[in-house]
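Thanks, everyone. I'll start with the fold and then move to a few local details.

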Amino acid sequence: MPDIPLTIVVVLCLASLAAGWIDAVVGGGGLLLLPAMLLGLPGGTPAAYALGTNKAVAIVGTTGAAVTYARKAPVDVRLAVRIGLAALAGSTAGAFVAAGMSTDVLKPVVMVVLLGVGTFVMLRPAFGTAPSTEPVSARRVLAAIGLAGLGIGFYDGLIGPGTGTFLVLALTALLHFDLVTASATAKIVNCCTNAGALATFAVKGTVYWQLAALMAVFNLVGGMVGAHTALKRGSGFVRVVLLTVVFALVANLAYQQWIA
């Protein structure tokens, strides 16, 4: 591991804490954590080390949040794992495609989709505030496996930012979950995709394990506190955080596309 000043390590740990909280509530913690890693590591460090270390940190916080949700929220763990396995396959395929193409052409499309989603959520105050009382049909389950699993998993492997947020929105729309249940389910799905990505980075040797272990403690605390906050405050609170993260993601992608 490279020599990193103590002040930078402290900043990275605090960023990890905040990212864990955001990710547990509604997804999108990578918007904060990954840029912090890219800026905090010494100049000249290959981006793969930031990505690999980020995954090693994120999987701990995501797992803690998933366990917290599963204990107190009405989560269908079997369904979440089925979607997660599909997402694992999708992210693997996306990573292979990403290796041979520029993802910059897709970023404007993602921004348009996110703006549309944000507008929809703003204009539909009841979206995700309460679960449907109707049983979920097999067709909707298959659609969730295909779109939220394979589709968003593919996006995760291809581009990445905002995957958790997309999962929450897709699960809410397809399965008629409230936003808290959707966030809980998304965390289990994220555990599957993070595990696959981390295994790849570990095999390549692009993980700073000592730094990851320290940051993971803070990410775990943030993730568990975030899950408790979402459970306590309810779907209305999650909706506000969701909109904030959606528009932050749009701004982040716009900056990467046209300014950076």
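Of the 260 residues in this chain, 50% count as buried. Buried here means under 20% relative accessible area, exposed means over 50%, and partly exposed is in between, with a 1.4 Å probe and protein chains only.

A word on the source. This is a predicted model: local features need pLDDT of at least 70, side-chain atom pairs count only at pLDDT 80 or more, and totals for chains, interfaces and linings use all residues. Residues are numbered from 1 along each chain as its sequence is written, and side-chain values use heavy atoms, with hydrogens and water left out.

Confidence next. pLDDT is the predictor's confidence in each residue, from 0 to 100. The chain mean is 84, and 92% of residues reach 70 or more. Confidence is lowest in helix 5, residues 107-123, at a mean of 75. It is highest in helix 9, at 94.

Now the fold. The chain has 10 helices and zero strands. Helices (H or I, at least four residues) and strands (E, at least two) are DSSP runs, numbered from the N terminus.

How does the radius of gyration of the chain agree with that of a compact globule? With 260 residues, a compact globule would be near 18 Å; the chain has 17 Å, which agrees. That radius is taken over C-alpha atoms, and the globule rule is 2.2 Å times the number of residues to the power 0.38. Along the principal axes, the C-alpha atoms fill a box of roughly 55 × 40 × 30 Å.

Ala-86 is buried, at 11% relative accessibility. Its C-alpha is 7.4 Å from that of Gly-153, 67 residues apart along the chain. Ser-91 is also in helix 4. Ser-91 is buried as well, with a relative accessible area of 11%. The C-alpha atoms of Ser-91 and Ile-152 are separated by 7.8 Å, and the two residues are 61 apart along the chain.

Which residues make the nonpolar patch of about 740 Å²? They are Leu-6, Val-10, Leu-14, Leu-17, Leu-214, Val-217, Phe-218, Val-221 and Val-225. Helix 1 (6-26) and helix 9 (209-233) are the elements that give two or more residues. Helix 9 gives the most, with five. Val-225 belongs to helix 9. Val-225 is partly exposed, at a relative accessible area of 40%.

The patch rules, briefly. Patch residues have over 30% relative accessible area and no salt bridge; like charges are joined within 9 Å, and nonpolar side chains (Val, Leu, Ile, Met, Phe, Trp, Tyr) within 5 Å. A salt bridge is a side-chain nitrogen of Lys or Arg within 4 Å of a carboxyl oxygen of Asp or Glu. Areas come from the Shrake-Rupley method with a 1.4 Å probe; for residues, only the protein chains shown count as cover.

Most residues other than glycine have a negative phi. His-176 is not a glycine, yet its phi is positive, about 60°. His-176 lies in the loop between helix 7 (163-175) and helix 8 (179-204). His-176 counts as partly exposed, at 31% relative accessibility.

Last, the cysteines. The whole structure has zero disulfides, a disulfide being a pair of cysteine sulfur atoms within 2.5 Å. Cys-191 is buried, at 17%. Cys-192 is buried, with a relative accessible area of 17%.
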